[in-house]
Amino acid sequence: MAYLSPSQLQKFREDGFLVLEGFWSADECVAMQRRIGEILAEMDVPLHCRTEFSTQEEEQLRAQGSTDYFLSSGDKIRFFFEKGVFDEKGNFLVPPEKSINKIGHALHAHDPVFRCVTHSPKVQQPHLGGEVSPHQDASFLYTEPLGRVLGVWIALEDATLENGCLWFIPGSHTGGVSRRMVRAPAGSAPGTSFLGTEPARDNSLFVPTPVRRGALVLIHGEVVHKSEQNFSDCSRQAYTFHLMEAAGTVWSPDNWLQPTAELPFPPLYT
């Protein structure tokens, strides 16, 4: 943010993430939640496009990486679901509004509420260049040089230890990227593959980061982070998008997410 203090900038550079509590008001969070409800009420996903979202490598290749619904979602608003919410025929086992893991990947471009949030003057970045299993965002959003992608994670509800707050390994953004998800040549199956492997992580290194509604968390593209399964009765809605420093940065042509005629350049992706 433009008004980050020197100590906050130093904290981000050391840890690879930074929490800004109270960044958004309760009213702003409610407006985003209300809009999510409206979008879900209009959701109509064909049976063959009902894809479970995962950051586990085998599940990614089987589900997301092999479906055009996922691979062509970079400039569209599409729906990705939790595990176990469909029967063998693809019918919902739970209320559809309770089945969503993620809405992606172009809310920032096509929805007026989220476009306003994403492009808010509060989110300008003149001084910063750059169960979800442990991962690095740069594995999926790779740039040259590295360090040019910044995740922005907004808590629309309290994120607690019980409902799946973020966990980070502080300082893990300095060791490079361990694996990359790359798009396969056109016509290949599956549509993506991985280069490298995700190493085993020592769970004792992860630090929980519970935050209150309205908090904004800045996430370096290479910091290792995760969230645990939500075993509570409380939901944990969040809105996240990524910023790329445009000057001197090359968006990898191997990334699964590529510019399109509708969105010709990817400085912002949800």
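**Notebook: a predicted model, looked up feature by feature**

Entry 1. I began with an open sheet of three strands, whose order is β2-β3-β4 and whose pairing is mixed. Strands β2 (51-52) and β4 (100-105) stand at its edges with a single partner strand each, so one side of each is left without a neighbour in the sheet. I noted that the model is predicted. As background, I recorded that strands of a sheet pair through backbone hydrogen bonds, in either the parallel or the antiparallel sense.

I then looked at one pairing more closely. Strand β3 (residues 77-81) and β2 pair in the parallel sense, over two bridges. Thr-51 stands opposite Phe-80 in β3.

**Entry 2. The chain as a whole.** I looked up the totals next. The protein chain has six helices and 16 strands. Of its 270 residues, 49% count as buried. The chain exposes about 12,800 Å², and carbon and sulfur atoms supply 54% of that area.

**Entry 3. Helix α2.** How far apart are the end C-alpha atoms of helix α2? They are 22 Å apart, which agrees with the 22 Å that the 16 residues of α2 (residues 26-41) should span at 1.5 Å a residue.

I then asked which residues of α2 are buried. They are Cys-29, Met-32, Gln-33, Arg-35, Ile-36, Ile-39 and Leu-40. Seen down the axis of α2, the buried residues fall within an arc of 160°, so they line one face of the helix. The face turned away from this buried side carries the exposed residues Asp-27, Arg-34 and Ala-41.

I also recorded what the buried residues of α2 pack against: strands β3 and β4, helices α5 (107-110) and α6 (112-118), and strands β7 (149-155) and β14 (238-244).

**Entry 4. Cysteines.** A disulfide is a covalent bond between the sulfur atoms of two cysteines. How many disulfides does a search of the whole structure find? The search finds zero.

**Entry 5. Phe-168.** Is Phe-168 buried or exposed? Phe-168, which lies in strand β8 (residues 166-168), is buried, with a relative accessible area of 0%. Leaving aside neighbours within four places in sequence, I found Phe-168 in contact with Phe-17, Leu-205, Phe-206, Val-207, Thr-209, Val-217, Ile-219, Val-223, Val-224 and His-225. One of these, Leu-205, is 37 residues from Phe-168 along the chain, yet their C-alpha atoms are separated by 8.0 Å.

Methods
Residues numbered from 1 in each chain as written. Predicted model: local features only at pLDDT ≥ 70, side-chain atom pairs only at ≥ 80, totals over all residues. Heavy atoms only, no water. Pairing = 2+ DSSP bridges. Helix = DSSP H or I, 4+ residues; strand = E, 2+ residues; numbered from the N terminus. Disulfide = S-S within 2.5 Å. Buried < 20%, exposed > 50% of the residue type's maximum accessible area, 1.4 Å probe, protein only. Areas by Shrake-Rupley, 256 points an atom, 1.4 Å probe, with all protein chains shown as cover. Expected span 1.5 Å × (residues − 1). Arc of directions from axis to C-beta. Contact = heavy atoms within 4.5 Å.
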